[in-house]
Amino acid sequence: MSDALAYVIAGLLLVQAVLRAKSALRGRVRERSLWGAFAALAASWLARTEPGRNLLNSFGVPDLAYLVKHVLAILGICVLLKYVTAVYRTADDAARVRRSVRISALVHRVATRASLVTVGVMAAVFLFGLDDPDTSTVFFLARHAGEPELAVYMGLFYLYTAAAAAVCAVQWGGAVSQAPMRSLKIGLRMMSVSMVLAVVYAVLRIGYLILITVHPVSDSFAIKQEAVTDTILYATFLLYGLGAIAPASHAAGVRYRTLRSLRDLHPLWRDLALTAPQVVRHRPSQLLGNSKLSAPVNRLRDLFGHDDSPTRRLGRYVTEIRDVIYELRRHAPEGLVDWARRQAELDGAQGSDADITAEAYWIRGAKIELAEREAGLPAPFPFGAGDDLAEEIPHLRAVAAVYGRIGPVSASENRGGPSAPIAAMTT
């Protein structure tokens, strides 16, 4: 059971590390620090499992798995602490810096040195101070019960853990009220509670450590103590892992919706961008000519190329669609709006759907006029969708869906054929 929980916790931490790998590779200091924290803590939990212990202990050093586990945990906590304190140290206005932020800034300055000293002393005590372990028990504290060196070794570990967890709890708890999203508030609360549990865990272990150093305890008491503190430890990291995923899940949802909007807008954007390539910033991909393989290849290049993020690419698509429509207005006849509305009525569109359908027909009809009419004053275009992307994107997605359904051939036929004179098409 303990190994199963360890794998679950390590998996939650590794998911966070994978999600942040791209930012870490780009060299952003804070993101790289957070990635390092998740990776180190995940490795520490893997070292706790039976396969992990067997692998590390196979190097010939008794109980080496415990030292590796503790060192990785301290490194992960140190990097996480530096990330947390760096973020909140710069988050507030310098003129009204909170006391907790000033304390965090001090912790940020000493965290690395404190962790190095702690790891150095612990390693020296482990290698040269502790006696050979009592292998009749699987618990590290029980293997060295009564040794003063154990109190030094584990005391340093628990004190470091408690201090770092307390700082994180204060920062995350204080940041809840300023969190802009519900998912972030939930995540911060869960992580803050997890750090409170970490402090409770460390305090209980310090108390038990002092007890076994000065007085022997029964095996049943040792087993109960391990069960209680391990339960707190599991709860600590499960809450922390799930809390860290909460805001990331929101970001993943936003990214998914952005990519879905890009996918839906791409056919309309590509068709318009090819119609007026001088208007767009990046022309649509046209690799492999008109072969069957070209469509998916060019689609992927359009959807994932050029811009540094899907959000920027989506904003560019919307802007360029509207820019090309403005160019089409300079060549479209005034009567095109009436014709488009009649086509929407023939399609049976009603209410808001009628405007969306009419807009799609207008774009189809205006494309035909682009090559046949000289540029002039912009023709009427009463199909506005709003002043921001939140309104513009769903509107254009609906237009793109109708635009794809009616198709260029249908638009030409409904207007009397591609060779019909302009007067016949708009009257």
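Predicted model: local features only at pLDDT ≥ 70, side-chain atom pairs only at ≥ 80, totals over all residues.
A residue is called buried when its relative accessible area is under 20%. Gln225 has a relative accessible area of 10%, so this glutamine counts as buried.

Gln225 sits in helix α10, which runs over residues 219-275. Setting aside residues up to four places away in sequence, Gln225 touches Arg205 and Tyr208.

## The largest nonpolar core

Let us turn to the nonpolar residues. In soluble globular proteins, nonpolar side chains tend to be buried together. Here the largest nonpolar core has 63 residues, and those with the most contacts inside it are Leu13, Trp45, Phe140, Leu141, Met154, Trp172 and Tyr240. The elements that give two or more residues to this core are α1 (2-19), α3 (29-48), α5, α6 (99-128), α7, α8 (148-175), α9 (182-214) and α10. Helix α8 supplies the largest share, 14 residues.

Apart from its neighbours within four places in sequence, Trp45 is in contact with Ala6, Ile9, Ala10, Leu13, Leu233, Tyr234 and Phe237. A second, separate core has 42 residues, among them Leu262, Ala366, Tyr403 and Ile406.

## Phe140 and Asp63

Phe140 belongs to helix α7 (residues 140-143). With a relative accessible area of 6%, Phe140 is buried, because the cut-off is under 20%. Not counting residues up to four places away in sequence, Phe140 touches Asp63, Tyr66, His70, Phe126, Leu130, Leu150, Tyr153 and Met154.

Where is Asp63 found? Asp63 lies in the loop between α4 (50-57) and α5 (64-89). At 5% relative accessibility, Asp63 also counts as buried. Its backbone is worth a look too: most residues other than glycine have a negative phi. Phi of Asp63, however, is positive, near 60 degrees.

## Cysteines

How many disulfides does a search of the whole structure find? The answer is zero. Cys78 counts as buried, at 5% relative accessibility. Cys168 is buried as well, with a relative accessible area of 2%.

Cys168 lies in helix α8. Leaving aside neighbours within four places in sequence, Cys168 is in contact with Leu81, Val84 and Met195. The C-alpha atoms of Cys168 and Met195 are separated by 6.6 Å, although the two residues are 27 apart along the chain.

Helix α12 covers residues 310-329, 20 residues in total. From its first C-alpha to its last, α12 reaches 29 Å, close to the 28 Å expected at 1.5 Å a residue. Is α12 mostly covered or mostly open? Helix α12 is mostly covered, with 14 of its 20 residues buried.

Notes
Residues numbered from 1 in each chain as written. Heavy atoms only, no water. Helix = DSSP H or I, 4+ residues; strand = E, 2+ residues; numbered from the N terminus. Buried < 20%, exposed > 50% of the residue type's maximum accessible area, 1.4 Å probe, protein only. Disulfide = S-S within 2.5 Å. Expected span 1.5 Å × (residues − 1). Contact = heavy atoms within 4.5 Å. Core = buried A, V, L, I, M, F, W, Y, C linked by side-chain atoms within 4.5 Å.
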